[in-house]
Amino acid sequence: MHANKPLRDYAAIGDCHGHALVAANGDIDWCCLERHDQDPLFCSLLDPDRGGALRLSPRDLVAHERHYLEGTNMLVTRLRTTSGVVEFLDFMPVGRRRGNGPHDYVTLVVPGWLVRRVSVIDGELTLDLCYQPSIAFAAQPAKLVARGDGIGGDGVPTLFCSHPLAISGSGSASASATIRLGAGQQLDLILAARYTIGDPPLTLLDRMQATTQAFWREWIAYSRYRGPYQTAVERSALTLKLMTFASSGAIVAALTTSLPETIGGARNWDYRYSWLRDSCFALYALAALGYSGEAERYVDYLSRCVALTLPEIRIMYGIQHERFLPELTLDHLAGYAGSRPVRRGNAAFGQRQIDVYGQVLDLAVLYEALGGKLDEQDRRVLRTFVDVAVQQWAEPDCGLWEMRDDPKQHVHGKMMSWVAMDRALQLFGPEPRWQSARDVIVEQVLGQGSDADGALLQAFGATHTDAATLLAPALGFPLSAAGLEATLKRVEAELANGAFLKRYAADDGLEGDEGAFLICSFWWVDALLAAGRGDEARELFETLLGCANDVGLFAEEVDVGSRDFLGNLPQAFTHLALIGSAVNLELFERGGAAALAGSYADRARRAVGATFGPRALLASLRQSGTIHRLTSSAASTMLWP
């Protein structure tokens, strides 16, 4: 029996299509090479005995340390043994497509490889290599065979190694080798999604490494944030970029499925899909750093998705526009630390959550602010969505937390319906029906959705609050200063434990407990800033930064007592919220609470200043010399057939 590693042990690498999670000791325990939502090649993360992994284990390990190469998603792990020191460089090659212009970092080329380059820094050491594809999701073992200069199988990626490998018996599901290396010697591994014919893959690695490093460093150089939290902001931005699916423009909520919200519990969900809400939040965060290409690609993706479900909008879609994501339980899997069930798919795709219409209209305003152009068809579709929001805003829904009990009149959904009307009026001009509905929503939220002190509640007539009420000022919802203070006071009293917040205290129709949701604490930071409590906000933000793991990644939740990670990771919600709060802290320093007023587009304009939008951004980059540095060579162009 093998034990699971702590979730804090994992770092992520990827190529904006697929990804892998690498443990602190170098084990690759989770890997999806070609798309984020595919059945994993390795899933020891969810079943350490049957899940499979790629392991290159130095004998007599004493200590380990790691870091990302600066400005990249390329991971360096240094392992010290009793006899020497070895270093791994792990990455998934990615580059820009040739001929698409010097500033296109969304039209990408990838070979579908995971690369490990091994260098012995000091001494001599022995490494034991084991390649064991997962037998867990498929419930049947893969059969490995020699394939040219590598080892693979039907439907199984090929492992190429600069050292001979041996298959562990006829028809075996694993391959292994024992490798002895001395100081200055190197070893290269490639795990390729498809067997390639042409140049031997191992001969291409120097070029692939240089291209991938240039791609990530050039992309992050476009960030306009230069505040005191630049390291954390850039790591979060790089993580969000990694979580995009470049083929379609989708953004996944997390890279994993079924990591538990409490150890041994059943709140284990598949987050490898594109939630409209999460994606919009991610694009708001990237826009505040000066990025626009990802928003343009996502708008194209979303347009294709909603065309399949008009006049309704689903809360989530598959990364290739799939509408149906049925939830299955994989009962043959042990689950992380015995937390069952493991799930594939997510039944929430069929829920009604009325906030999505506000999200789409808010995104449309941001898209135009970034320089995007809405054509007549886009505008007709958006007007249809506003009309649906007018019709549905007064109806109960499942809420943004996707509760699996009876629908309620959730206050957050009402506020987002107000956003739908408000942004529509900005986009299209006066319309009496929309103005009337917007005014009625405010009246009802401040009446039925508030307590006697003016604090916002989770739902109309509820006796408890919800951390999502802290979003009111970020949305531009007309909550008074006294109402915001009352809401903060009630949230802190009901949901806070130190720097951490529960989402809510109400029964949600599910068994078990959960950890503290990190995004809620970042919303707390933003609400404190909106209330003018800057010192408290900064102290809270810096406490939250300390919850990252050693390479700057966050999961969805933490255990309040131990600070252990809980839930899926890395989690877009947490990283995008970190960026948003860091930007808001800078705005507050410049202009106080007034600098945070309005919509996400308004704050992004203020954050990036005169360089907001693609044309102004490029002018600024040329003036500063950044454009020359980024485009003086074709270093980040992937030369791949």
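A salt bridge here is a side-chain nitrogen of Lys or Arg within 4 Å of a carboxyl oxygen of Asp or Glu. This is a predicted model, in which local features need pLDDT of at least 70, side-chain atom pairs count only at pLDDT 80 or more, and totals for chains, interfaces and linings use all residues. Residues are numbered from 1 along each chain as its sequence is written, and side-chain values use heavy atoms, with hydrogens and water left out.

**Stop 1: D355 and R277.** Select both. Their side chains form a salt bridge, at 2.8 Å from N to O. The pair links distant parts of the chain, 78 residues apart: D355 sits in helix α5 (residues 355-369) and R277 in helix α3 (residues 276-288). Helices are DSSP runs of H or I with at least four residues, numbered from the N terminus. Are D355 and R277 buried or exposed? Both are buried. Buried means under 20% relative accessible area, exposed over 50%, and partly exposed in between (1.4 Å probe, protein chains only).

**Stop 2: R35 and D37.** Select these next. Their side chains meet in a salt bridge of 2.6 Å, N to O. R35 is partly exposed, at 23% relative accessibility. D37 counts as buried, at 13%.

**Stop 3: R433 and E431.** Now pick this pair. A salt bridge joins R433 to E431, with the closest N and O atoms 3.9 Å apart. R433 has a relative accessible area of 41%, so it is partly exposed. E431 is at 18% and therefore counts as buried.

**Stop 4: a network.** Select K5, D27, D29 and R55; salt bridges with shared partners join them into one network.

To go on exploring, note that the structure holds 40 salt bridges.

Definitions and conventions:
Helices (H or I, at least four residues) and strands (E, at least two) are DSSP runs, numbered from the N terminus.
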